[in-house]
Amino acid sequence: MATLKDFRNNVKPNWCPGCGDFSVQAAIQRAAANVGLEPEQLAVVSGIGCSGRISGYINAYGLHGVHGRALPIAQGLKMANRDLTVIAAGGDGDGFAIGMGHTVHAIRRNINITYIVMDNQIYGLTKGQTSPRSAEGFKTKSTPSGSIESALSPLEVALAAGATFVGQSFSSNLKQLTSLIEEGLKHEGFSFINVFSPCVTFNKVNTYEWFKEHVVDLADSPDYDPSNRIMAMTKIMETNSMLTGLIYQDKSKPSYENMVAGFKKEPLVHQDLKLSEEDFNKLVAEFK
Ligand SMILES: Cc1ncc(C[n+]2csc(CCOP(=O)(O)OP(=O)(O)O)c2C)c(N)n1
Ligand code: SF4
């Protein structure tokens, strides 16, 4: 059985020392081993951004795709081979700016993949511009007088879009983050996990200390019921979206790929296409 070591490769991350994304990488590796996966059973698809590099740092199938397009690729992969466990990952710019259309529709489609957003409330790779998660008044090179837009609450959007799994965690809480990713991997449907993952180089406001002061851990609310959607929405709003833990889970809705006619018995990659070698070569030649 694979252990944490098996999900490590020899590529050295080029993230800045202290970047929150290191913990997300470690949590994915731990969670994958803890749920009993082998590296060849896992695919990590990422977008573009500092966070997008994560797919190159995990020993599994990996694809570092196009900015904002991790989810279309990940969903296609899962539909073609639902025997694979698929993780999509990227930044808050990737998922909530350019990729927001995909995020909402992937959530409501409920394909069985886990989507992890490394939310540093800024664009890191492009050296510090305001993101949809940046707070009003946030000053960056793109908003030198302070942002006049309100920050998006991805948790509210996810619930409103019909999410069947919504979680949020913080890079400093590796235990919570790992167990949340484990639950996401086990969830039979789309699991959305937003992770506060500080950018130590460009975001001097939303620092580790700032998050530590502001996060509200659901472990301190013993009466909280994650199967209650209205309670989840209320709690998210009451805490200004700073809630961490398993916020909402609906185990009753079947995942998309289990509802597609003709897909139930075996994944597409294992189906006999009934195509002769000659016909196959003809088809390929059309694309040359
Ligand atoms: C189509 C396209 N538009 C814009 C860019 C430039 N770009 C690269 S990464 C990025 C945003 C990075 O921020 P985020 O997604 O939050 O990831 P982070 O670097 O903070 O992890 C942008 C705008 C691009 N690569 N491709
Ligand atoms: S610029 Fe920010 S997000 Fe990018 S690697 Fe450095 S600390 Fe991480």
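Is Lys 282 buried or exposed? Lys 282 is exposed, with a relative accessible area of 52%, where buried means under 20% relative accessible area, exposed over 50% and partly exposed in between (1.4 Å probe, protein chains only).

The views show a predicted model, in which local features need pLDDT of at least 70 and side-chain atom pairs count only at pLDDT 80 or more, while totals for chains, interfaces and linings use all residues. Residues are numbered from 1 along each chain as its sequence is written, chains are lettered from A and ligands numbered from 1 in the order in which they are written, and side-chain values use heavy atoms, with hydrogens and water left out.

View 1. Asp 279 forms a salt bridge with Lys 282, the closest N and O atoms being 4.0 Å apart; the term stands for a side-chain nitrogen of Lys or Arg within 4 Å of a carboxyl oxygen of Asp or Glu. The two residues are three residues apart in helix H9 and so are separated by about one helical turn, helices (H or I, at least four residues) and strands (E, at least two) being DSSP runs numbered from the N terminus. Asp 279 is partly exposed, at 36% relative accessibility.

**View 2. Salt bridge between Asp 119 and Arg 133.** The closest N and O atoms of this pair are 2.5 Å apart, and the pair links distant parts of the chain, with Asp 119 in strand E4 and Arg 133 in the loop between strand E6 (129-130) and helix H5 (154-160). Asp 119 is buried at 0% relative accessibility, and Arg 133 is also buried, with a relative accessible area of 6%.

**View 3. The open sheet and its strand E3.** Eight strands form an open, mixed sheet in the order E2-E1-E3-E4-E8-E7-E10-E9, two strands being paired if DSSP finds at least two bridges between them. Strand E2 (61-64) and strand E9 (216-217) stand at the edges with a single partner strand each, so one side of each is left without a neighbour in the sheet. Strand E3 (residues 85-91) has seven of its seven residues buried, so it is largely enclosed by the rest of the structure. Five bridges join E3 to E1 in parallel, with Val 44 opposite Ile 87, and five bridges join E3 to strand E4 (residues 114-119), also in parallel, where Ala 89 has Ile 116 as its bridge partner.
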